[in-house]
Structures are given as C-alpha cells and as structure tokens.
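Here are a few notes for you to check against the structure below. Please read them with the model open.

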Amino acid sequence: MGMYEIEGVVIDSVSCIDNNKDLKLQDKRNIIHSLYEFQKMFDTGYTYFRVYDILKKYHYLISIPIDKHPDYEELKPKIEEAKRNNETWFWLDSESLIKDIGKEDNGKPLFHIVAGSSIWEKLVDSGVIEGEEKQGVTQLPWLDMVDIVVCSAKEQKNTDLSAQWYDTMIYLVSPDLGYCDEPTETDLLKIEQIRENILFDETVYPLIEKQYAFSRGALDFLKQDTQASIQLWIKPYIYWLENH
C-alpha cells in the first residue's frame, strides 16, 4: 500500500465512525485519535482538513486565534512576512499550522491543532482550551480500533471500506513488516474476529482483488510465509480465489 491508500482508509474510517449511531461522542473521539496515530506510522501527509467538519464536531481538530499561541510575539514577524509574500499558511511545528493568513476579518489568523498533541497539552494547562475541547483522548490498541471500525463498516454495509481494511491489516498481522509485535494467542483470536467481520459479504472479495494490493501475485508470495498470523489472515481469500 502507498501513502494515498493509507490516507484514504483513515479518512473513510473517520466518516464511517461519524455515521455510527451507537457510539458516544468521547468514544468516537478516541477512535478518531487512534486512527490518526495509526496514520503517523506511515509516510503520509496532513489530511485533517479533508474531514474538517467531522473533526471539529468531535472537538478533535481545534482552531484558535493566533494571538493565543504561547509564542505569538515571536511569530508576528513571520506572519507579516507571509502576508508580504502572499503566503496563506505555514507550519508552526510538526503538529500544528497557521492557515488563511491575510483572509481573516479581524487581522488575526487561526492556528489549528489536534487533541492530544504537545501544544494542545500546553494550551489546556494554561486555560486557553476549555470545555469539551480540553477532554483528553485515549489511544486504543490497534486491533481494538480496527475491530470497531470494521464492525461499523459491516453494520453500514460499507464493503469498500471493508476491502480497504483487509489490505491494510497486513501491517498489523505481519511482524516482519515492522509495524506490530508478534501476535499473541489473544491477538490471533482478535485477528480472526476482524477477518470475519471484514469478509461479511461475498461482494467484498472481488473488491479486494480489483482495487487493492491482494492480487494473485502478491498472494503467491504470502502463501510461502510461515507466520501463523499471515496464514490465518489470507486463508479464506485464497480459498475464494482458487474457486473463482
């Protein structure tokens, strides 16, 4: 999978969680936070604005006037320079950026951060961030996160997202790729549960083959992998391929 596929599965999962009617707001916030922490493991871009309204709804993406930033005095010359150069945004650090410079009504642009980041913690401690936006976020274990998302996709009959996660899960079932530890027996049970929730409908199988990386060639390679978690993951799909 490439950068854009990882970004796509995270964005589509955020929308799926938003559409889940049974989860509480804070639960959704924690899942969204976990999805973006998962995305950070890969070489991906800044994608928060692609689901801006959803992230604002759950108080995960937070927008604050720049004069509330703890380093505002040091930032003022850079903001003025950006205006002179007709630049509308720049990074403040790896976790936050200032956007729409020169387009604001009151002369002070907004900077944007996410809950759980280091700058968020500073602004909570200083009292700048209040209310629901100051509530903490919890990162879920990866398999728990995926299980909730794929169950939501199953409930919504979102076969496309199910197929995306079948591909993406290879990173969480193969320790050799460097993104997860060796699965425990409990993990293997969870992995099997996730697999069954993903493959809930026959129409998911051709979507996996047509759109994502589990081509017949890739599976010929994976068949040779002796890891129990890999064999557990690909077994039903191999069976489907051999009979279609």
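**Notes on a helix contact and one leucine**

1. In this predicted model, S13, C16 and I17 of helix α1 meet I148, V149, S152 and A153 of helix α6. The residues of this contact comprise five nonpolar, two polar and no charged.

2. Two packed helices are described by the angle between their axes and the distance between the axes. For α1 and α6 the angle is about 65°, and the axes lie 9 Å apart. That angle makes α1 roughly perpendicular to α6, because angles of 65 to 115 degrees are counted that way. The crossing of the two helices is left-handed.

3. Helix α6 is one of several partners of α1. The buried residues of α1 pack against α2 (25-39), α3 (52-57), α6 (142-155), α7 (159-168) and α8 (170-173). Among those buried residues are I6, V9, V10, S13, C16 and I17. E7 and D18 are also on the buried list.

4. Is L189 buried or exposed? L189 sits in helix α9, residues 185-198. Its relative accessible area is 58%, so L189 counts as exposed, the cut-off being over 50%.

5. L189 also has a position relative to L232 that can be checked in the model. The two are 43 residues apart in sequence, and their C-alpha atoms are 9.8 Å apart in space.

Methods: Residues numbered from 1 in each chain as written. Predicted model: local features only at pLDDT ≥ 70, side-chain atom pairs only at ≥ 80, totals over all residues. Heavy atoms only, no water. Helix = DSSP H or I, 4+ residues; strand = E, 2+ residues; numbered from the N terminus. Buried < 20%, exposed > 50% of the residue type's maximum accessible area, 1.4 Å probe, protein only. Contact = heavy atoms within 4.5 Å. Axes fitted to C-alpha atoms, helices over the stretch in contact; angles between N-to-C directions. Parallel < 35°, antiparallel > 145°, perpendicular 65-115°, else oblique. Left-handed = near helix turned anticlockwise from the far one by under 90°. Nonpolar A, V, L, I, M, F, W, Y, C, P; charged D, E, K, R; others polar.
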